[in-house]
Amino acid sequence: MKQFFHNPFLYSPLSLGAGNTITIHAPATVANMVCGFDVLGFAVNEPYDEMHFRLRDEPGVKIINLDEYNLPTDPEKNVAGAALLAMLEEVDEKTGVEVSICKKIKPGSGVGSSAASSAGAVVGLNHLLNNRFIKEDLVRFAMSGEKLASGVKHADNIAPCIYGGVTLIRSIFPLDIIPLAAPSLYVTIVHPQIEVRTSDARGILKQQVQLKDAIRQWGNIAGLVAGLLQNDHALIGRSLEDVLIEPVRSILIPGFDTIKQLSKEAGALGGGISGSGPSVFMLSKDENTAKQVEAAMHTVYNQLSLEHHTYVTTINQEGVRVLSPE
Ligand code: HSE
């Protein structure tokens, strides 16, 4: 993917100077964490989006794209814009913001591209407003962006993007977010170059589940949370099992079963579909294993002649990073 490092403040005649401008990095996120559909997610250190903000005297939101994706610049049709508009509704004074977005997380890749835009947007503006809103408010605003992207409000990408680490979203109405201790695990992600829309991947899910499957699923969620808190790799590994969503969605991802099997043979603790796909992630306890998992993923997609990108990264512990004003 092309990389963009354009910084509009370096030569913008409208620059208002330090205090009114800020740059942030918004990390990619892996929602669901296999068994925790809509309730678990974690942030990763690579890839991330870069966004530049400038306060304006004029009310409203102005969006400038610095990347190749041609996303809408009408704030009401752009996930960052929708999140910012939701936030500005709760700001009394006539404040406006200009945001320049350089996406490095490909839209539709399944690693929280829309969440990075909406979460990054509200963290950036909040910083310029002297952090008047708490993180929970920011999640609430950012969910307006997520609703625009997928048709429903869910926070399992947004919350880890804002808080960092692994987050449990016990409830979204009312919001109840529990940041969990995140072990220093390695993450291998493969993104086959196909697009799966979250709304489509949600549309194919069954609306009812068998009690025996529900029991297995909540056993796994509890096991995964306990494994994370106790840093118990074996427990994490055996809890990374999804009997509800993966059997339905995995048909959308070429080579999914083989990726999973070869990754585990290469030493991965476990993994599965990242969010609604098509990316697939695996957790490993060390970098060497994570790279062997990456090699296994390459093997599968090279055999299928499917273009793909991989990342070997770690769990991001801080969430959206605010860089110093230029
Ligand atoms: N929990 C959401 C889903 C995440 O799986 O539909 C989408 O990224």
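User: What do the domain bounds come from in this structure?

Analyst: Domain bounds come from an automatic or database domain assignment. The model is predicted: local features need pLDDT of at least 70, side-chain atom pairs count only at pLDDT 80 or more, and totals for chains, interfaces and linings use all residues. Residues are numbered from 1 along each chain as its sequence is written, and side-chain values use heavy atoms, with hydrogens and water left out.

User: Why is the largest cavity said to lie between domain 1 and domain 2?

Analyst: Domain 1 (21-179 + 316-322) and domain 2 (186-314) both contribute lining residues, so the largest cavity lies between them.

User: What makes a space a cavity, and how many are found?

Analyst: On a 1 Å grid over the protein atoms alone, a cavity is a set of points where a 1.4 Å probe fits but cannot get out; lining residues have an atom within 4 Å of a point. Two cavities of 30 Å³ or more are found in the whole structure.

User: Which residues line the largest cavity?

Analyst: The lining is N32, V34, F37, D242, I245, E246, R249, G272, I273 and G275.

User: How do you know the class make-up of that lining?

Analyst: Ala, Val, Leu, Ile, Met, Phe, Trp, Tyr, Cys and Pro count as nonpolar, Asp, Glu, Lys and Arg as charged, and the others, Gly among them, as polar. The largest cavity's lining therefore has four nonpolar, three polar and three charged residues.

User: Where does the second largest cavity lie?

Analyst: Both domain 1 and domain 2 give residues to its lining, so the second largest cavity lies between them.

How values were computed: 1 Å grid on protein atoms, 1.4 Å probe; cavity = no way out; pocket = protein on both sides within 12 Å on 5 of 7 lines; lining within 4 Å. Points joined across faces, edges and corners; volume = space filled by probe spheres on them.
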